[in-house]
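I opened the model to look up a few helices and single residues. My entries are below, in the order I made them.

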Amino acid sequence: MSSNIHINKKRRRLSPEARRKQLLHVGLKVFANLGIEGAGHANIAKEAGVSTATVFNYFPTRPILTQELIWEIKAILNAEFKAMSQDWDFENASPQSRLYHMAQTYNKLIDEQPDVFKAFLMWSVSFNKELRSEFIEFQDDILKRLEKLMGSSIRNKGHARVLFGAANTLAMMRFDNYPVEDLTDYVVALSKGLKP
């Protein structure tokens, strides 16, 4: 005689704030894979294992969902910039050391939070009018931070823009699994353009 034992596995209910954080985390993953303009509520619901209605409950419209995910990207990157500038003595470091430190930090963050960086890169190539203007505003803020961190080793905002573009290229090289030697060579070549 065989007995059928049914195990009643109850789903653990998340608090509203924990659910919201979960959906944002999953949303970053979905946006990283499908693009900011290509992913929506249903994609996030499927990946999170919840109903589409649940996602709409937290983010009632597509623009609200997109804006919340962009705010999440900005918050994470802003926190990392702040931590990077506080945990290392940029003031007394050579321009090359500053660049190497930023590259190491960037590589570490790409390893730890790849979806954030992929979503950021997807956002950087979006030409939706509203998304683009917000990206340009955020990019300008990053350029100011780069100018401050690099000090007199860069000549102007144009050179900060080169470093910004180079950081995005470095991220793509990481995602394309370039060998470490190639990544190092890339950063060394960048450092040669810095003022001593």
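The notes start with the ground rules and then go helix by helix.

**Ground rules.** I am working with a predicted model, in which local features need pLDDT of at least 70, side-chain atom pairs count only at pLDDT 80 or more, and totals for chains, interfaces and linings use all residues. Residues are numbered from 1 along each chain as its sequence is written, and side-chain values use heavy atoms, with hydrogens and water left out.

**Entry 1: α1 and α6.** I took helices as DSSP runs of H or I with at least four residues, numbered from the N terminus. Helix α1 covers residues 16-34, and I found it packed with α6 at an angle of about 50°, the axes being 8 Å apart. I note that axes are lines fitted to C-alpha atoms, for helices over the stretch in contact, and that angles run from 0 to 180 degrees between N-to-C directions. The two helices are therefore oblique to each other; under 35 degrees would be roughly parallel, over 145 roughly antiparallel, and 65 to 115 roughly perpendicular, with the rest oblique.

I then listed the contact (heavy atoms within 4.5 Å). From α1 come Leu 28, Lys 29, Phe 31, Ala 32, Asn 33 and Leu 34, and from α6 come Asp 115, Val 116, Lys 118, Ala 119 and Met 122.

**Entry 2: Phe 31.** Phe 31 has a relative accessible area of 1%, so I logged it as buried. Buried means under 20% relative accessible area, exposed over 50%, and partly exposed in between, with a 1.4 Å probe and protein chains only. Setting aside neighbours within four places in sequence, I found Phe 31 in contact with Ile 36, Ala 39, Ile 44, Thr 66, Leu 69, Ala 119 and Met 122.

**Entry 3: Glu 68.** I found Glu 68 in helix α4, residues 62-86. Is Glu 68 buried or exposed? It counts as buried, because its relative accessibility is 17%. Beyond neighbours within four places in sequence, Glu 68 is in contact with Arg 20, Leu 24 and Phe 59.

**Entry 4: α8.** Helix α8 runs over residues 157-175, 19 residues in total, and I read 27 Å from its first C-alpha to its last, close to the 27 Å expected at 1.5 Å a residue. That expected span is 1.5 Å times one less than the number of residues. Among its buried residues I noted Leu 163, Phe 164, Asn 168 and Arg 174. The buried residues of α8 pack against α5 (95-112), α6 (114-124), α7 (129-150) and α9 (180-191). Just after α8, I noted a positive phi of about 60° at Asn 177.
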